[in-house]
Amino acid sequence: MFKAEDFQNYGKEQLEHVVSSATTVQSGLQAIATAYGDYAKKSFEDTRAFVEKLSGVKSLDKVLEAQSEFAKSAYQTFAADSQKIAGLYGDLAKQAFKPIEGLVSKFTPST
């Protein structure tokens with residue numbers, strides 16, 4: 001027969017898992033938001049520098065060269081930061097489900 005204390009302990013354990021998961025999600029989302037902010041700031045600064053460089057160029061060849069360098073640099077920055085942010089999303093998913101994984105394994109029969 002179940003005791004009321006068993007139900008209380010079960011409920012307390014569930015709440016602890018939910019709180020742990022929520023805390024992990026919050027810190028993970030904060031890291032992702034920071035990464036997006038850093039990327040936006042760098043992109044803005046690079047674009048501003050490109051426009052300044054372009055304003056001093058006097059020949060079409062130099063304009064095309066500057067534009068080509070900017071496009072290459074912008075793509076490399078985008079690719080690197082996208083991989084970083086994707087990794088943060090993956091880490092967030094793993095950490096968020098870790099408490100739930102322990103709970104599921106507790107009630108799953110072992111073979």
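Helices (H or I, at least four residues) and strands (E, at least two) are taken here as DSSP runs, numbered from the N terminus. On that basis the protein chain has 2 helices and 0 strands. The model is a predicted one, in which local features need pLDDT of at least 70 and side-chain atom pairs count only at pLDDT 80 or more, while totals for chains, interfaces and linings use all residues. Residues are numbered from 1 along each chain as its sequence is written, and side-chain values use heavy atoms, with hydrogens and water left out.

Some totals for the chain come before the details. Of the 111 residues in the protein chain, 13% are buried, where buried means under 20% relative accessible area, exposed means over 50%, and partly exposed covers what lies in between (1.4 Å probe, protein chains only). The protein chain exposes about 8800 Å², of which carbon and sulfur atoms supply 62%; accessible areas come from the Shrake-Rupley method with a 1.4 Å probe, and for residues only the protein chains shown count as cover. If a contact is taken as heavy atoms within 4.5 Å, then among contacts between residues at least 6 apart in sequence, 80% join residues at least 24 apart.

Side chains of opposite charge can pair when their charged atoms come close. A salt bridge is counted here when a side-chain nitrogen of Lys or Arg lies within 4 Å of a carboxyl oxygen of Asp or Glu, and by this rule the count comes to 3 salt bridges. In one of them, Asp46 pairs with Lys42, with the closest N and O atoms 3.1 Å apart. Asp46 and Lys42 are 4 residues apart in helix α1 (residues 4–55), and are therefore separated by about one helical turn. Asp46 is partly exposed, with a relative accessible area of 24%, and Lys42 is also partly exposed, at 36%.

Arg48 and Glu52 form another salt bridge, at 3.1 Å from N to O, and these residues, being 4 residues apart in helix α1, are likewise separated by about one helical turn. Arg48 is partly exposed at 43% relative accessibility, and Glu52 is partly exposed at 48%.

The salt bridge between Glu69 and Lys53 spans 3.0 Å from N to O. This pair links distant parts of the chain, with Glu69 in helix α2 (residues 60–107) and Lys53 in helix α1, 16 residues apart. Glu69 counts as partly exposed at 39% relative accessibility, as does Lys53 at 43%.

Rings of Phe, Tyr and Trp (its six-membered ring) are paired if their centres lie within 6.5 Å, and planes under 30 degrees apart count as stacked, over 60 as edge-to-face and the rest as tilted. A search of the whole structure finds 2 aromatic pairs, among them the stacked pair of Phe50 and Phe70, at 4.3 Å centre to centre with 15° between the planes. Phe50 lies in helix α1 and Phe70 in helix α2, so the pair ties together parts that are 20 residues apart in sequence. Phe50 counts as buried at 15% relative accessibility, whereas Phe70 is partly exposed at 23%.

Thr77 lies in helix α2 and counts as buried, at 13% relative accessibility. The side chain of Thr77 reaches the backbone oxygen of Ser73 at 3.0 Å. Leaving aside residues up to four places away in sequence, Thr77 touches Tyr39, Lys42 and Asp46; Lys42 and Asp46 are also the partners in the salt bridge at 3.1 Å.

Technical notes: A polar contact is a pair of N or O atoms within 3.5 Å; within protein, one must be able to donate a hydrogen and the other to accept it, and residues adjacent in sequence count only if both atoms are side-chain atoms.
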